Amino acid sequence: MRRGATAVLALLLLGAGGDYPPPQMMRQTGAAQWFGDIVLTDQTGRQVRLYDDLMAGHVVVVNAFYAGCHSACPEVMGMLSHLRAQLAVDEMSVRFISITVDPEHDTPERVAVYARALDTGDGWHMLSGDPSAVRQALHRFGLDTNPDDPSDHLNVLYMANLRTGLWEKVFSLAPLEDLERLLRRVAADGGP
């Protein structure tokens, strides 16, 4: 994505139709240049290149979390777990990428415990690592947080089809059925 896309991705959605903001769609190419230089550590302790190893050519769902959260994160992470299970029934290939907003406390070891509790399995990458790399990744998704207050993070998901450049930004606490419908539409996208 181009730098100007950050401002678009970072905009909060206003004017909800219903109980939550509507999804925001855009087409962006150039994700390799935008995310290609970021290296993080997954829940297995393996260093991964955010774009090359996890995103390139895939349908992805990206969110921010932290293991010590006792408000929205448990609900969002549980919903993502249910969403993954529903997609698995149809053998739909989607990669889930969850990036901690608290890398100082969410070490790869702590994230591994959190991932086991969620039974993430293959295809769900819980990421931590060097705090500067984590913050760079969050910034590029428009998910910047105050390092002193990890609870100050956006409750949004990005659903993207990296084959076609379709990105959807959606409120992470939207009903599961709505998220599933939107993700299926993103995955089925045939391009512009």
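## Model and confidence

This is a predicted model: local features need pLDDT of at least 70, side-chain atom pairs count only at pLDDT 80 or more, and totals for chains, interfaces and linings use all residues. Residues are numbered from 1 along each chain as its sequence is written, and side-chain values use heavy atoms, without hydrogens or water.

Over residues 1-18, pLDDT stays under 50. For that stretch the model has 37 contacts (heavy atoms within 4.5 Å) beyond four places in sequence.

## Helices α4 and α7

Helix α4 (residues 72-89) packs with helix α7 (residues 176-188). Their angle is about 50 degrees, and their axes lie 10 Å apart.

From α4, the contact uses M79, H82, L83, Q86 and L87. From α7 come L176, L179, E180, L183 and R184. By class, the contact of α4 with α7 has 6 nonpolar, 2 polar and 2 charged residues.

## Aromatic pairs

The whole structure holds 7 aromatic pairs (ring centres within 6.5 Å). F65 and Y114 form a stacked one (planes under 30 degrees apart). Their rings are 5.3 Å centre to centre, with 15 degrees between the planes.

F65 lies in strand β4 (residues 59-65) and Y114 in helix α5 (residues 108-118), so the pair ties together parts 49 residues apart in sequence.

How values were computed. Axes are lines fitted to C-alpha atoms, for helices over the stretch in contact, and angles run from 0 to 180 degrees between N-to-C directions. Helices (H or I, at least four residues) and strands (E, at least two) are DSSP runs, numbered from the N terminus. Ala, Val, Leu, Ile, Met, Phe, Trp, Tyr, Cys and Pro count as nonpolar, Asp, Glu, Lys and Arg as charged, and the others, Gly among them, as polar. pLDDT is the predictor's confidence in each residue, from 0 to 100. Rings of Phe, Tyr and Trp (its six-membered ring) pair if their centres lie within 6.5 Å; planes under 30 degrees apart count as stacked, over 60 as edge-to-face and the rest as tilted.
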